[in-house]
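Thanks for making the time this morning.

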Amino acid sequence: MTTDYRQMWADLGIDLERHDALLGALPPIYQKAYLSQRNRPIGMQFFDFVVGDIHGIRVQELRQHAMNGGKVVATYCVFVPEEIVLAADAIPVGLCAGTQFSVPIAEEILPRNTCALIKSSFGFKLGRICPYVQTSHLIVGETTCDGKKKMFEILAEYHPVHIMEVPNKKSQSSRDLWRGEVAAFKEVIEKLTGNEVTGEGLARATKLVNERRRALQRLYNTRQARPVPISGKDALLVTQVSFYDDVARCVQQVNALCDEVEGRIAAGEGVFPADAPRILISGSPMAIPNWKLHHLLETAGAVVVCEESCTGTRAFSDLVAENGGTVQEQLRAIADRYMQIHCACFTPNDERLDDIVRLAREYQADGVVHYNLQFCHTYANEAVKVERALAEEGIPLLRIETDYSDEDAGQLRARVDAFLEMIRG
Ligand code: SF4
Ligand code: SF4
């Protein structure tokens, strides 16, 4: 693979030496975390291929699109409405920011006491090691948290950036502000692409993105079965890949996987024993290749049954109304759907507490692990309320605060083991 794509990477301005080191580090991690799992669904082979070819075919597709005059729009947050990008015949690509590899590069400029997700994403651009960033014509940032907001200002010195203002409350005036931001985003995308966003285009894009949401929800529903037919690690990977794969292909592959996994449920087959402790993970997103916590839990005998996070239910839970109508009406429906995402950047954010309790029940979770990226103050502070809400329901909680490094692996293992022992009683 490396030989075939080298010219493309060089043309994209990639630092080939650093990039070789990055790609060289991934296969042993993937082997240990993924390929060593037993009894995986055959449908996961597609996702294995995508990871094995992570900077290959998909980048080539995006580059071909760009060579044909199309635009690529990169995002970091589930608040950026893909429907508008697709309606203008541009391609949205969710950037990953889940590797420790790019963190030290970012720390040359950013403060060290910044969350790993922010440092990892900035390091990808600064170190010129991500062909997705290099292929994109615009990065769309948001004002969800202070660290990101200020990082995007610096990132704009290296790459074209547009910032969407995500409000901090869900009051009517905040909703109106967000609707205005979504309408303004349409103008930005029209200007970038030279294409008009029409009612027809929006209806088509909305239907497509909704199909992916339905497919991912369908996959998550299978995890409510006992025994669980697919590992948490595999399900997480599917969600992670859905951020940057072609939407129609992703829908097809996820639905094919669901057919197989539903067949397993009918046959009573699982990947873990029926009595394995079932864990709901809630909190900060886990961008590819951040599989740290899932790997810890699932090699300790537990199974992760659901993720209440932006690389989980928050990415696909609600659909945009497919009522058609004028461009303005459709933009409003899009804006309203995105305001249903219960990110900790909102105050108050009690809907998220309700979601966690509801999901713990639906997925028959024996315990919840609250996952907090170090230096993420919104999720860390909200964990206080999560703890209270779960205590009222009698659901055990383990609070984990960590980063992308492996330095705390031993300590985390001991805490996870103790938590699972307590659950097993
Ligand atoms: S946690 Fe908040 S800021 Fe992060 S991706 Fe989700 S919505 Fe965006
Ligand atoms: S994990 Fe927290 S600090 Fe990091 S980017 Fe997301 S909201 Fe911001």
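Let me begin with the largest cavity, which holds about 30 Å³ of space, and please keep in mind throughout that what you are looking at is a predicted model. With a threshold of 30 Å³ or more, the structure holds 1 cavity. Its lining is made up of Asn 290, Lys 292, Leu 293, Leu 296, Tyr 371, Ile 400, Thr 402, Asp 403 and Leu 412, and the elements that contribute two or more residues to that lining are α14, residues 292-298, and β8, residues 397-402. The largest share comes from α14, with 3 residues, and if we sort the lining by class we find 5 nonpolar, 2 polar and 2 charged residues.

Turning to the second largest pocket, its volume is about 840 Å³. There are 33 residues in the lining of this pocket, and those nearest its centre are Ile 29, Pro 289, Trp 291, Tyr 404 and Asp 406. Two or more lining residues are given by each of α2 (16-35), β2 (91-94), α14 and α19 (409-424). Which of these elements gives the most to the lining of the second largest pocket? That is α2, with 7 residues. By class, the lining of the second largest pocket divides into 21 nonpolar, 8 polar and 4 charged residues.

Pro 289 is found in the loop between β5 and α14. A cis peptide bond also joins Thr 347 and Pro 348, here with an omega of about -10 degrees, and Pro 348 has its place in the loop between α16 (327-338) and α17 (350-362). While we are on the backbone, I would also point to Arg 128, which has a positive phi of about 50 degrees although it is not a glycine; this residue lies in the loop between α7 (116-126) and α8 (131-135).

Now to the sheets. One open sheet is formed by 4 strands in the order β2-β1-β3-β4, with parallel pairing. At its edges stand β2 and β4 (161-164), each with a single partner strand, so one side of each is left without a neighbour in the sheet. Neighbouring strands of this sheet are turned against each other by 30 degrees on average, direction ignored. Strand β1, residues 72-75, runs parallel to β2 and is joined to it by 4 bridges; if you want a specific pair to look for on the screen, Val 72 has Ile 91 in β2 as its bridge partner. Helix α10, residues 172-193, packs on the sheet and touches β1, β3 and β4, and its direction makes about 160 degrees with that of β4. Helix α9, residues 146-155, lies across β3 (138-142) and β4, running at about 155 degrees to β3.

Another open sheet of 4 strands has the order β6-β5-β7-β8, and its pairing is parallel. Here β6 (303-308) and β8 stand at the edges with a single partner strand each, so one side of each is left without a neighbour in the sheet. From one strand to the next, the twist averages 25 degrees. The parallel strands β5, residues 278-283, and β7, residues 367-373, are joined by 5 bridges, and Ser 282 stands opposite His 370 in β7. Across β5, β7 and β8 lies α19, which runs at about 170 degrees to β8.

Finally, the ligands. Around ligand 1 we find Cys 77, Val 78, Phe 79, Thr 144, Lys 148, Pro 285, Cys 310, Arg 314, Cys 343 and Tyr 379, and by class this shell has 7 nonpolar, 1 polar and 2 charged residues. Ligand 2 is surrounded by Cys 115, Ile 118, Cys 145, Lys 148, Leu 373 and Cys 376, a shell with 5 nonpolar, no polar and 1 charged residues.

Technical notes: Residues are numbered from 1 along each chain as its sequence is written. Chains are lettered from A and ligands numbered from 1 in the order in which they are written. This is a predicted model: local features need pLDDT of at least 70, side-chain atom pairs count only at pLDDT 80 or more; totals for chains, interfaces and linings use all residues. Side-chain values use heavy atoms; hydrogens and water are left out. On a 1 Å grid over the protein atoms alone, a cavity is a set of points where a 1.4 Å probe fits but cannot get out, and a pocket is an open set with protein on both sides within 12 Å along at least five of seven lines; lining residues have an atom within 4 Å of a point. Grid points are joined across faces, edges and corners, and a volume is the space filled by probe spheres set on the points. Ala, Val, Leu, Ile, Met, Phe, Trp, Tyr, Cys and Pro count as nonpolar, Asp, Glu, Lys and Arg as charged, and the others, Gly among them, as polar. Two strands pair if DSSP finds at least two bridges between them. Axes are lines fitted to C-alpha atoms, for helices over the stretch in contact, and angles run from 0 to 180 degrees between N-to-C directions. Contact means heavy atoms within 4.5 Å. A residue is near a molecule or strand if one of its heavy atoms lies within 4 Å of it.
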